[in-house]
Amino acid sequence: MKDFKCISVRGMTKRFGDKVAVDNFSLEFGKEEFVTFLGPSGCGKSTALNCITGLIPITSGEIFIDDECIDDAHRSVPPEKREFGMVFQNYALFPHLTVKENVAFGLKLRKLGKAEVERRVGDALRLVHLEGYASKFPAQMSGGEQQRVAIARCIVLEPRLLLLDEPLSNLDAKLRVELRYELKALHERLKVTTIYVTHDQTEALALSDRIVVLRLGKIQQVGTPERIFSDPANPFVADFVGFKNAWEGRIESLEEKGGALCARVRTKGGLLEARLSYSEGDPRRADIVAAYKSGQSVTTAIRPEDIVAGARSGSNVLRCIADLVEYQGHANSISACIKGCEESRVDLRSVSSVSYGESFDASVAPDKVLLFAPSPEAPTVGVP
Amino acid sequence: MRAALTRPKAGAMALLVPAVVFILLLFLYPFGYGLYMSLTDPGGAFSLGNYTRFFQDARDFRTIGVTLGISVPVTLIAVALAVPLAYHMRRGVPGERLISFFLIVPVTLGTVLISEGMLTFMGPNGWLNQLIMALGLSKTPVRFTHNYAGVAISVGLQGFPYAFLMLLGYISGINPDLEKASQMLGANKWQTFWKVLFPLMVPGIAIAFCLNFVMAFSVFPSAVLLGQPSGPQRVIAYAAYQWAFEKFNFNAAAAISMIMAVIELVVIAFILAWRSKMYKGASIVGKG
């Protein structure tokens with residue numbers, strides 16, 4: 001394997017006719033890093049991945065491995081020469097070849113000796129716990145086993161970059177978790193630089209060093225799983241990582257208190273206090289200040305888990321009437337409306353059971369409330 | 001799904017009757033009758049004479065070689081041309097409908113119309129020869145009709161669309177991610193074709209070859225209209241025709257058609273053996 005420090009993608013754009021599938025995508029991948037492209041279907045995450053492999057030619061932009069330009073939209077290194085490995089959602093094993101022949105496919109193309117091919121195939125199969133499967137055909141194996149073969153087929157070549165395109169999406173829930181653990185362990189062990197594409201936030205949070213959230217071909221946010229999960233850059237990311245309770249309101253007062261921005265927001269359901277930890281230079285902060293000054297409306301974002309049923313002293317008490325209660329094992333998922341304001345919906349979780357039509361008080365800590373000002377261009381928050 | 005597990009009712013079985021009757025009447029009965037006729041003399045007594053006469057008569061016996069000499073190369077060429085064209089068109093190309101249209105037309109027109117067309121178009125005074133001579137490629141007209149070339153071109157034109165359409169369906173059904181996977185593992189287009197696509201196409205190629213071969217082996221109108229049916233292009237079907245309708249010996253004709261069937265079955269068995277040698281895995285793995 002050729003060693004490198006960093007793969008950088010600069011201004012990568014892909015157009016299909018009028019449609020922009022990937023829009024000015026720029027990102028650096030450090031060696032050994034595990035980066036996930038996260039987004040709903042049609043957000044361009046798979047296209048971005050395929051552009052990086054060279055399987056889809058890019059419209060403009062550049063891709064570098066250290067100083068070596070592998071693609072500048074005019075001249076590009078063909079995919080077979082990039083020394084990247086790719087794992088597909090549908091496994092894409094060669095059905096006419098056995099497991100061993102599948103894994104040996106790339107090695108044989110590299111004209112390695114028979115003994116070395118044998119040894120490396122054996123090692124790779126052991127790594128994915130498929131020692132006894134060498135002479136089976138893909139059609140004789142389960143989806144999880146097939147995907148392991150596909151992974152072995154890639155890592156046996158020691159690729160510079162491993163790309164996984166929704167590798168777990170075709171598996172059932174239990175297998176998906178098992179194989180996810182294995183992928184994590186494999187990355188810990190082999191330290192292959194990896195790009196992982198998924199629409200599943202749990203996978204993204206569990207596996208990644210960094211997550212890239214995409215929407216309509218544009219990067220929405222780049223950050224550690226913790227950052228993406230607790231501090232989304234815009235309402236889209238917030239919604240995608242599980243924030244709900246998007247209520248419109250106007251900021252009545254805004255002041256700096258102890259390093260945080262304290263806002264009082266008048267929503268239809270009542271007055272809400274928010275303690276925003278948006279730091280200096282964060283575009284979200286400037287947007288909120290601007291919205292306060294111009295009297296523009298803002299939108300809240302609160303996780304259902306952060307709204308606590310049962311009254312609390314102080315602020316942010318919501319008087320609710322439950323109109324949908326779902327038992328979900330560890331808690332009840334409750335959908336409620338605010339008393340006297342039927343159109344304001346509240347989504348929350350409660351350990352204690354609440355019955356249909358019951359009135360109850362709920363509250364949310366001010367530091368759990370996020371505020372977003374509507375901005376024409378969704379901001380991008382990067383974490384280096 | 002309880003209903004699916006119970007035995008089909010008698011009423012449901014009755015639905016099979018038309019198909020069974022159809023096969024019995026139109027295939028099994030004529031075949032059995034033909035076999036019976038081929039093994040009897042015109043008087044109705046058992047005899048192998050029809051077969052021994054065929055193999056002893058040099059004029060009849062050589063029709064096997066003549067027919068194989070037309071059908072095998074023509075089928076090979078048709079399939080060999082269909083494979084790269086189908087590969088090229090596997091993800092669709094601009095003008096695909098037009099191309100398909102021109103490929104299907106010869107099938108719909110029928111052999112006689114094509115052969116008649118070729119007689120005028122490719123004849124000594126036809127446009128093709130006028131073009132060849134105008135371009136100075138040849139001083140005298142090139143013979144495309146009433147010889148081997150005429151029969152071969154006509155049979156090829158008939159068979160190629162079948163081979164192409166069948167292979168196109170086959171190759172476009174192969175999961176496109178297999179090609180991507182092969183490329184990502186370091187294979188160029190050529191290696192990907194030979195190591196991945198071609199082996200997966202083998203079953204389709206085998207079927208296309210078999211169908212094309214059977215059609216070409218029973219060549220009759222093309223040989224009569226575009227060849228010299230009494231001379232070098234005396235194909236086996238023509239020999240059977242002469243026995244039946246010129247000499248009115250239906251028993252000899254039946255024997256020839258049985259010989260045709262055996263030869264076709266031998267070639268098909270040979271192709272299927274090649275197929276199973278080339279392709280061991282399961283059938284195409286679809287997407288998802």
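Domain bounds here come from an automatic or database domain assignment. Keep in mind that this is a predicted model.

**Exercise 1.** Work out how chain A is divided into domains and what the contact between them takes from each side.

*Solution.* 
1. Start with the bounds: domain 1 of chain A covers 6–239, and domain 2 of chain A covers 243–372.
2. Next, get the C-alpha centres of the two domains of chain A, which are 38 Å apart.
3. Now for the contact, where residues pair up if their C-beta atoms, placed from the backbone, lie within 7 Å. Domain 1 of chain A puts in six residues and domain 2 of chain A puts in seven.
4. Sort the domain 1 side of chain A by class: you get four nonpolar residues, one polar and one charged.

**Exercise 2.** Describe the side of chain B that touches chain A.

*Solution.* 
1. Count both sides: 23 residues of chain B meet 24 residues of chain A.
2. Look for helices of chain B that supply at least two residues each to this side; α10 (176–184) and α11 (189–217) both do.
3. Pick out the largest share: α10(B) gives six residues.

**Exercise 3.** Sketch the overall build of chain B, from secondary structure to burial.

*Solution.* 
1. Tally the elements: chain B has 14 helices and zero strands.
2. Take the extents along the principal axes; the C-alpha trace of chain B spans about 75 × 70 × 35 Å.
3. Check burial: of the 288 residues in chain B, 33% are buried.
4. Finish with contacts in chain B between residues at least 6 apart in sequence: 74% of them join residues at least 24 apart.

Terms used
Residues are numbered from 1 along each chain as its sequence is written. Chains are lettered from A and ligands numbered from 1 in the order in which they are written. This is a predicted model: local features need pLDDT of at least 70, side-chain atom pairs count only at pLDDT 80 or more; totals for chains, interfaces and linings use all residues. Two residues are in contact if their C-beta atoms, placed from the backbone, lie within 7 Å. Ala, Val, Leu, Ile, Met, Phe, Trp, Tyr, Cys and Pro count as nonpolar, Asp, Glu, Lys and Arg as charged, and the others, Gly among them, as polar. Helices (H or I, at least four residues) and strands (E, at least two) are DSSP runs, numbered from the N terminus. A residue is buried if 20 or more other C-beta atoms lie within 10 Å of its own, exposed if 12 or fewer, and partly exposed in between; C-beta atoms are placed from the backbone.
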